[in-house]
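Dear colleague,

Please find below the structure I am handing over to you, with its sequence. My findings follow directly after it.

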Amino acid sequence: MPRLLRFLMIAAWCMAIPGAPAQARPPEALACALQAAPAGLDGAVADVIIASDPDRGQATLDRVRALTDSCAADQFLTPKQRDAYYEYVLGRMGRDVIDERLALAGLPSGVIDQALDIGPGNANNPADKVTQGDLRRVTAAMATAGHDPARITVTGWGLITAWIVATARMFDGLRELD
């Protein structure tokens, strides 16, 4: 039994060594901050993403950073992985709420994902911002799906843009974590 305990301790220590081979994070590790978040924080994150004004939402971003740092410490993440986890959580929290808001506006998020090849198993190209080309592809996809782009409100386009940004942040963070 002591031999097994010693092996487990060495294995845990090796996993915390910077530069050790990266392992895919288990879903429960990724869910830590999402499950620990106080009610309403996800909505506040979505509002920050939609507003595209990080200065105005700094208090919200600071709350998310504290939450992700706490979870990252439990998972022995390196500083670079902590930043990636923060990006993942911001994107994921925002994406979950924005998805609900898109549905209420009658705009299917799946059409956006398909148009831009984002989502699980897709290209998920890194993105710092939404391009006009992205919006043209979404416009064409919405029209093909029976949603007249001319009838999409300014708020609807803001949600579409925020969905793209949140999704990019989430998948960029995941890419850095694995």
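Where pLDDT is low, the predicted coordinates should not be read in detail. Over the protein chain, pLDDT averages 83, and 81% of the residues score at least 70.

Two conventions apply. This is a predicted model, in which local features need pLDDT of at least 70 and side-chain atom pairs count only at pLDDT 80 or more, whereas totals for chains, interfaces and linings use all residues. Residues are numbered from 1 along each chain as its sequence is written, and side-chain values use heavy atoms, with hydrogens and water left out.

The protein chain has 8 helices and 0 strands, where helices (H or I, at least four residues) and strands (E, at least two) are DSSP runs numbered from the N terminus. Of the 178 residues in the protein chain, 38% are buried, that is, under 20% relative accessible area with a 1.4 Å probe, counting protein chains only. Among contacts between residues at least 6 apart in sequence, 74% join residues at least 24 apart. The accessible surface of the protein chain (Shrake-Rupley method, 1.4 Å probe) comes to about 10,400 Å², and carbon and sulfur atoms account for 58% of that surface.

How many disulfides does a search of the whole structure find? The search returns 1 disulfide, defined as a pair of cysteine sulfur atoms within 2.5 Å. The partners are Cys32 and Cys71, with their sulfur atoms 2.0 Å apart. Because Cys32 lies in helix α2 (residues 27–36) and Cys71 in helix α4 (residues 58–74), the pair ties together parts that are 39 residues apart in sequence. The torsion about their S-S bond is about -75 degrees, so the disulfide is left-handed. Cys71 counts as buried, at 4% relative accessibility.

Helix α7 (residues 132–144) has 13 residues and reaches 18 Å from its first C-alpha to its last, close to the expected 18 Å; the expected span is 1.5 Å times one less than the number of residues. Its buried residues are Gly133, Asp134, Leu135, Val138, Ala141 and Met142, and these pack against α6 (109–116) and α8 (154–177). After α7 comes Gly146, whose phi is positive, near 90 degrees.

With kind regards

Note on methods
Buried < 20%, exposed > 50% of the residue type's maximum accessible area, 1.4 Å probe, protein only. Contact = heavy atoms within 4.5 Å. pLDDT = per-residue confidence, 0-100.
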